[in-house]
Amino acid sequence: MLRMEGVSSEPAPEKKRTNRWMITCAIVVVIIGALAWALFEEDFEGETETAEFASQSQAPRLALWSEFIPYAVLETQLIEIASHELDLYVAFNASEPDFDGFARLVRKAKAMGIGVRPWLLLDVKDGYWFNKWNVEKNAEFALTFLDEMAKRDVEIEWITFDIEPPQSLVAKIQDAFAKRHFGEALGALKASARSASLLRAIEQTKSLVAKLHVRRVKVHAVTTNFVLNDSSSLRIQNALGTPIGDVPFDEVSFMVYRPELEKILGEGLSSRIVKTYSKRAKKKFGVRAAIDIGEAGFVPFPVPFQGFREPAELQTDLAAVRSVGIDRIHIYSLDGLTELGVATWLAPTRIKPIPRIDLKATLFVKSISLLRNLLPEAE
């Protein structure tokens, strides 16, 4: 190589400093970009829904949960419910099985164009909600319920299973988070994960759903929003005892109750968290996805507390769910709407815009996704 006399082949010091500065800036930008993606990306880490259930899509309807209102009282509210084109998801409790009253309610509601889903709940001593510890009891109860309805010549199109952790586990976790005793919460979840087989419960649930499908009954599972933080290892579902997995439910709805989440995170949580979980639900479950919002008004069970006080709070969450393209929305509950009236809660009102960023909500969602890696895999 020829070298010109008096001209150095090395870059000038100023150019060296410029190059180092540019490289440093590029690295910083990449790191910030990666952190921003990790923090604000709302993807669900798991397989997405296929078109398998697309043919089962139906016209969207807003629905109300009803847990403690006597059937005779519900009958008096059917005219107003029909005027708002609402459906009803009505608790049927194994501890007080009023088959005649429920059959009469279904007949009257159907005549008025109101769909009624029986929301099956066990006796409290048996766990109340559906989980990996009581699948067999729920199966027996569901089949008995259908037999009793058939005796009364009432056709049941849907059955709803409330797939949640035991109340005792929920109380432990909420109390630990409220006290910032995160190790205590993790310990409770690990113990729960090892106490029964989730995979066995999933297979039992698949068998139950197959039996109900043979009887031409669709199956709706309502479950906790934390299932949407899970991955294919099913660590969260295992710890919570919620057998969702790949069970072919016809609809899966997720309870994204801001008042409940504020028990953990404190007041002031925005509807961004509702939108985040709604996006995850739609990506994972496609046309089968639905969202449960609330809680509206006074909540008497399992621990009495005050939910949303103003219709605008409920309407904000309703808008958040609809903004991602989910129209199957269920409001908890008619029990809490009664004092102000259904019309007041559902009337158009001024609502807060959904913030583009809610750091508290985003950090919480990401933290739960990281927490799962500390839990045992499902067995």
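**The aromatic rings**

Modeller: Ring pairs join Tyr71, Phe92, Phe99, Phe102, Phe141 and Phe145 into a cluster. This is a predicted model, in which local features need pLDDT of at least 70 and side-chain atom pairs count only at pLDDT 80 or more, while totals for chains, interfaces and linings use all residues. Residues are numbered from 1 along each chain as its sequence is written, and side-chain values use heavy atoms, with hydrogens and water left out.

The structure holds 17 aromatic pairs. Rings of Phe, Tyr and Trp (its six-membered ring) pair if their centres lie within 6.5 Å; planes under 30 degrees apart count as stacked, over 60 as edge-to-face and the rest as tilted. The ring centres of Tyr71 and Phe102 are 5.6 Å apart and the planes stand at 75°, so this pair is edge-to-face. Tyr71 lies in helix H2 (residues 71-83) and Phe102 in helix H3 (residues 99-111), so the pair ties together parts 31 residues apart in sequence. Such helices are DSSP runs (H or I, at least four residues), as strands are (E, at least two), numbered from the N terminus. Tyr71 counts as buried at 12% relative accessibility, and Phe102 is buried at 0%. Buried means under 20% relative accessible area, exposed over 50%, and partly exposed in between (1.4 Å probe, protein chains only).

The rings of Tyr257 and Tyr332 have centres 6.0 Å apart and planes at 40°, so that pair is tilted. Tyr257 is buried, with a relative accessible area of 9%, and Tyr332 is buried, with 8%.
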